[in-house]
Amino acid sequence: MQIVKVTYIEVIRCRAAILWKPGAPFSIEEVEVAPPKAKEVRVKIVATGFCGTEMKMLKSKTLHHDRYPIIMGHEGAGIVESVGEGVSTVKTGDKVITLFLPQCGECASCLNSEDNFCKQLKQSETNLMSDGTSRFTCKGKLVYHFGNTSTFSEYTVINEISVAKADAFAPLEKVCLISCGFSTGFGAAINTAKVTPGSTCAVFGLGGVGMSAIMGCKAAGAARIIGVDINKDKFEKAKEVGATECINPQDYEKPIQEVLFEMTGDGVDFCFEVIGNPETVAAALASCHESHGVCVIVGLTIGDQLNISGHLFLSGRSLKGSIFGGWKSRKDVPKLVSDYMAKKFNLDPLITHTLNLDKINEAVEFMKTGKWQVAHTIFMSEYLGSRERVCGDRGRQWKESHSWRSHRQATEEGFRTL
Ligand code: NAD
Ligand code: ZN
């Protein structure tokens, strides 16, 4: 007798925050999430942060103007609900961190030990999965993916190369920050700048990523870490995570680079631009020591032009870019989670507010007004936070807590109107 194992995974209906058009608020909708195809995983998102990159996307009227409706979110952590054909590195029930920067392990960047810019990142530019289709539908319409991850949904489908397995006991509502903000800032100091013991550093922009850069400078043994922000409400937290002093450019008549030169004598050894503004990139570079100073651009300036005098480079300063803190995502993220579990760094100061997904538009307002001090985590509505639930009979629990229907029914309805 031949035994044939048939696995039939259905479409999941769940809630997601959808952007229907540029400039619109998020709308909480019921969406259909199709099963994962080959080399894909479907993840139940437990917690997700709101990154400065999302704010930029929301403000931009031009980026991805034709890719709506869309489910954003890229700083997430969750549990694998099901896996597609050929997935071998994670399984149902595993805790995972979502990765906007994949690691395929095969491209020239992945094979270069000094490089983390996996060529498969370009896949996210289509806002669709690798086969050119979406796994999301809402009200009969195709919904676009974002950042390889789309974490503002209770369930999402992600390529296997865009998830990293996390420690089974890791608190997902904290380690979701390793998915972007923490790793980006911390790694910019440790990996990209390679901050040296006893050095002087300056960090421009004290959001969640800038605060993490301060933590990285401190961990690397910097003697002096100067925080720079136009919002002085950030200073207390910056000092808590390691800044030795903080300054507000608006308190001075002269340019901030001159202020920093006066404070340090020769300029700073390492400077980080964590705002995403071409003018502050120029000021950050000009604040560096004229010969050995290193300035790292962390804030993204996609579409912006830098206007920097060649004179600044003449004596030897360097300007470097950094993506995801230079970490090789799949290889290094599990280690960062373990380091967090071993209390090598603390993520608590980076979480100032927690909200339910329903309140996502409040999060946007907080970020806009700067009332949101650092980074934040939005808990998904069904988050229970208990270890037992995570380690228990997951399949049964999920089936009980969700409405299910056939994949075919959903896809037929979903794509009829495209
Ligand atoms: P955030 O909005 O929380 O923080 C930005 C901070 O900059 C705020 O505190 C704000 O007050 C300050 N600021 C704004 N204008 C300023 C000015 N002119 N001078 C001094 N301070 C100023 O954002 P975040 O989540 O910390 O992200 C920061 C940047 O990092 C964003 O540009 C984001 O796109 C980028 N980012 C890059 C990567 C990467 O891989 N390179 C990853 C994540 C985020
Ligand atoms: Zn981010």
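## Burial and the model

A residue counts as buried when its relative accessible area is under 20%. By that cut-off phenylalanine 182, at 1% relative accessibility, is buried. The model discussed here is predicted.

## Aromatic cluster

How many aromatic pairs does a search of the whole structure find? The search gives 8. One of them joins phenylalanine 182 and phenylalanine 186. This pair is stacked, with 4.7 Å from centre to centre and 25° between the planes. The two residues sit 4 positions apart in helix 4, so about one helical turn separates them. In general, an α-helix has 3.6 residues a turn, so residues three or four places apart point the same way. Phenylalanine 182 and phenylalanine 186 are both buried.

Phenylalanine 182 also pairs with phenylalanine 345. Here the ring centres are 4.2 Å apart and the planes meet at 20°, so this pair is stacked too. Phenylalanine 345 belongs to the loop between helix 10 (329-341) and strand 16 (351-356), while phenylalanine 182 is in helix 4, so the contact ties together parts that are 163 residues apart in sequence. Phenylalanine 345 is buried, at 11% relative accessibility. Ring pairs join Phe182, Phe186, Tyr340 and Phe345 into a cluster.

## Zinc site

Which residues coordinate the zinc ion (ligand 2)? They are Cys51 through SG, His74 through NE2 and Cys180 through SG. The distances run from 1.9 to 2.4 Å. Along the chain, the donors are spaced as C-x22-H-x105-C.

Cysteine 51 sits in the loop between strand 3 (40-49) and helix 1 (52-59). Histidine 74 sits in the loop between helix 1 and strand 4 (75-83). The pair therefore ties together parts that are 23 residues apart in sequence. Both sites are shielded: cysteine 51 is buried at 6% relative accessible area, and histidine 74 is buried at 4% relative accessibility.

An open sheet is built from 6 strands in the order 12-11-10-13-14-15. The pairing is parallel. Its edges are strand 12 (245-247) and strand 15 (318-321), each of which pairs on one side only. On average, neighbouring strands are turned by 20° against each other, direction ignored.

Strand 10 (residues 200-204) and strand 11 (residues 224-228) run parallel and are joined by 5 bridges. Phenylalanine 204 is placed opposite valine 228 of strand 11. Helix 7 (residues 256-264) packs on the sheet and touches strand 10, strand 11 and strand 12. Its direction makes about 160° with that of strand 11. Helix 4 (residues 181-193) lies across strand 13 (270-273), strand 14 (294-297) and strand 15. Helix 4 runs at about 135° to strand 13.

## Helix 8

Why is helix 8 (residues 278-286) described as largely enclosed by the rest of the structure? Because 7 of its 9 residues are buried. These are Thr280, Val281, Ala282, Ala283, Ala284, Leu285 and Ala286. The cover over them includes strand 10, helix 7, strand 13, strand 14, helix 9 (311-314) and strand 15.

Key:
Residues are numbered from 1 along each chain as its sequence is written. Chains are lettered from A and ligands numbered from 1 in the order in which they are written. This is a predicted model: local features need pLDDT of at least 70, side-chain atom pairs count only at pLDDT 80 or more; totals for chains, interfaces and linings use all residues. Side-chain values use heavy atoms; hydrogens and water are left out. Donors are N, O and S atoms within 2.8 Å of the metal (3.2 Å for Na, K and Ca); water is not among the atoms, so sites may look incomplete. Buried means under 20% relative accessible area, exposed over 50%, partly exposed in between (1.4 Å probe, protein chains only). Two strands pair if DSSP finds at least two bridges between them. Axes are lines fitted to C-alpha atoms, for helices over the stretch in contact, and angles run from 0 to 180 degrees between N-to-C directions. Contact means heavy atoms within 4.5 Å. Rings of Phe, Tyr and Trp (its six-membered ring) pair if their centres lie within 6.5 Å; planes under 30 degrees apart count as stacked, over 60 as edge-to-face and the rest as tilted.
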